[in-house]
Amino acid sequence: MLLYPVVGTPSFQLPFPLPTVAARRDAEIREYVQTYYGQVLKKSADLQTNACVTAARPVPKHVWEALQNVHEEIVLRYYGCGLVIPEHLENCWILDLGSGSGRDCYALSQLVGEKGHITGIDMTNDQVEVAKKYLDYHMEKFGFQVPNVTFIHGCIEKLREAGIKNESYDIVISNCVINLVPDKQRALQEVYQVLKHGGELYFSDVYASLELPEEITTHRVLWGDCRFVSATFRLFKCSKTGPTKRCQVIYNGRITGHEKELIFDANFTFKEGEIVEVDEETAAILKNSRFAQYFLIRLIGEKLPTSGGSFALESKDIITDPFKLAEDSDNTKSVCVPEVAGGCCGPKKGY
């Protein structure tokens, strides 16, 4: 599901290609990225391009408050390109791919509570050490008796080698990191294995609309900084059982921070008590994920109790391509799409 586009597929197949780099450069890329993020960058202002500038956009009050509680040094070392904090996180176990200095981990720590857990994994040891440095500080600030955050030094395409068990996480997040991994298919396969059934991969990253030319794939600064368009995707690990037809759903409005309205993705916004017609895939996701308790789901034709209005999905294509969304939303100079990308990644002429 494209979150402001969201493409949810059990196989985690993206609707367009991520940037690829020849295998012979894999080791060189890893070495450079480790050096860049571990030694060259000391704060977000050190980024060598303006490609990863997160656009200001409204966030729920409880999320904003959680971000304000993160230590200043951790925030200064934040290099993400979006906001990877989905809805309904209470008691969840979350894995952060490429957790860096731990900003997102410490924000999420507060939202999952003491019964939840956050694991951050990063290939850059310097970043992991910075994150660990402030573990006690944050646990004391949050009032937690037992730490609910763990940081691991390892590669995101080798999760099981790093000690991450299969089917052990409710949510996997990543903030502008998967684009740095040469073997993206393996990284996605590893994520699929460690997610529980009904679990979600929720990630913000940057994408290219076509195969990149040699002068860009060999450009070292562009290995470290984002480029082109950024977007947030949410993909769910769902079985093929469940609704196989279009359904009508009603949101009960009980998700913290989204009581009146849940903007689920680029295609669906659910208002409390309102009937919404959804496609087969969205119906299966709502029925099989952590969102199931917040929706009443019926096949079209079955009667739904409601005191609100209704909205039927028109006969149109479901949005899955962030480039099309960028064109529809802006259609002029920039591919920065507020509420889709959570960031601005440069002009179209760079494609």
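Trainee: Is Gln127 buried or exposed, and why?

Mentor: Gln127 counts as buried because its relative accessibility is 2%; buried means under 20% relative accessible area, exposed over 50%, and partly exposed in between (1.4 Å probe, protein chains only). This is a predicted model, in which local features need pLDDT of at least 70 and side-chain atom pairs count only at pLDDT 80 or more, while totals for chains, interfaces and linings use all residues. Residues are numbered from 1 along each chain as its sequence is written, and side-chain values use heavy atoms, leaving out hydrogens and water.

Trainee: In which helix is Gln127 found?

Mentor: Helices (H or I, at least four residues) and strands (E, at least two) are DSSP runs numbered from the N terminus. Gln127 lies in helix 5, residues 125-133.

Trainee: With which residues is Thr119 in contact, leaving aside its neighbours within four places in sequence?

Mentor: Contact means heavy atoms within 4.5 Å. Thr119 belongs to strand 3, residues 117-122, and its contacts beyond those neighbours are Ile94, Leu95, Asp96, Thr150, Ile152, Ile164 and Tyr169. Thr119 is buried, at 4% relative accessible area.

Trainee: Which residues have the most contacts inside the largest nonpolar core?

Mentor: Nonpolar side chains tend to be buried together in soluble globular proteins. A nonpolar core is a set of buried Ala, Val, Leu, Ile, Met, Phe, Trp, Tyr and Cys residues joined through side-chain atoms within 4.5 Å. Here the largest has 31 residues, and Ile85, Leu89, Ile94, Tyr106 and Val149 have the most contacts inside it. Helix 4 gives the most to this core, with 6 residues.
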